Amino acid sequence: MPELPEVETIKRELEAVILDKRITAVVINNAKVIREPKKEKFVANLKNVAIKKIIRKGKLLIFELSSGKFLTIHLKMTGQLIYPSHQKRGGGVNPGKISRVSFRFFDNTLLDFNDSRLFGELRIVDDWQKLKFIKELGPEPFDIDAEKFKEMLASKKTKIKVSIMDQKFISGIGNLYANEALFRAKIHPQRPTNSLSEKEKELLFKEIKDVLLEAIHYGGSSVDQYVQVSGKPGEYVKYHKVYDREGEPCFNCGGKVERISLGSRGTYFCPACQRLKRS
DNA sequence: AATGGGACCTGCGCGC
DNA sequence: TGCGCGCAGGTCCCAT
């Protein structure tokens, strides 16, 4: 799933290959992913415009255009950005992946937006800072210090995993890295947020940042559909400790990794290392 | 107000 | 074999 490390990886790769290239054509194969403006206007807004700068806020990518407007892309679960695409007749670079929107540049290269489940969202807006999603977005772990993080947790009563996945609370962490960070900090995902000790809060904050940085270093985690812009998988999946490892041995104690459903999301943890009640 | 669950979608893996 | 079902999860929305 594209979370902060995956979106950051995509941002960095795109910066290296598409900045300042003028868009000459846009092909929309499925208009469902175009949220605003309407299809025709969307295309017109991009013609003969170049991408000047790429910004990432949480899991949202923001392209600053030479026209002064912004193209925002949210990949949701199955969105991919592939460049240069070697598509033939609408097929993306990955087998079976269909391009929903293709951007053609002046040099005839293609940037494909693929998204099998059509949850992705593309917008062109005058000011990305006015987007509701942005206005409500919490700080990224890298925007705050441990003191601020501890202060934020103190007033939360929800389960800790739900808290750290709440983009309005803290942004960038999705299901995969929430599971990993909690395991590394040895904190049970169902602990009430405000029940964490000062030490646990500090450790969790550190592990959140560490796991995100490590994942960025390895180009993200290719589970499900995520791939890098080049089409290569993200290698961090090799280093997952608990995610999708139900019934397998805990790397720390050898016990069995458990899976529960929390907020209707798969939640993986080691019940021996991450205790619900203090012993 | 906070919380939980469903909706949005498609593809894949599993069991019969 | 092939089909149908359940599940995957980012975000929004609604009900409680």
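**Exercise 1. Find the two domains of chain A and state how far apart their centres lie.**

Step 1: Chain A splits into domain 1 (4-135) and domain 2 (141-269), with bounds from an automatic or database domain assignment. This is a predicted model, where local features need pLDDT of at least 70, side-chain atom pairs count only at pLDDT 80 or more, and totals for chains, interfaces and linings use all residues. Residues are numbered from 1 along each chain as its sequence is written, chains are lettered from A in the order in which they are written, and side-chain values use heavy atoms, leaving out hydrogens and water.

Step 2: Taken over C-alpha atoms, the centres of domain 1 and domain 2 are 28 Å apart.

Step 3: Their contact (heavy atoms within 4.5 Å) involves 19 residues from domain 1 and 21 residues from domain 2.

**Exercise 2. Describe the area buried between domain 1 and domain 2.**

Step 1: Buried area is the accessible area (1.4 Å probe) that two parts lose on being put together, summed over both. Here the domains bury about 1700 Å² between them, with 61% of it on carbon and sulfur atoms.

Step 2: Now look at Leu4, Pro5 and Glu6: they supply 29% of the area that domain 1 buries against domain 2, more than any other three residues.
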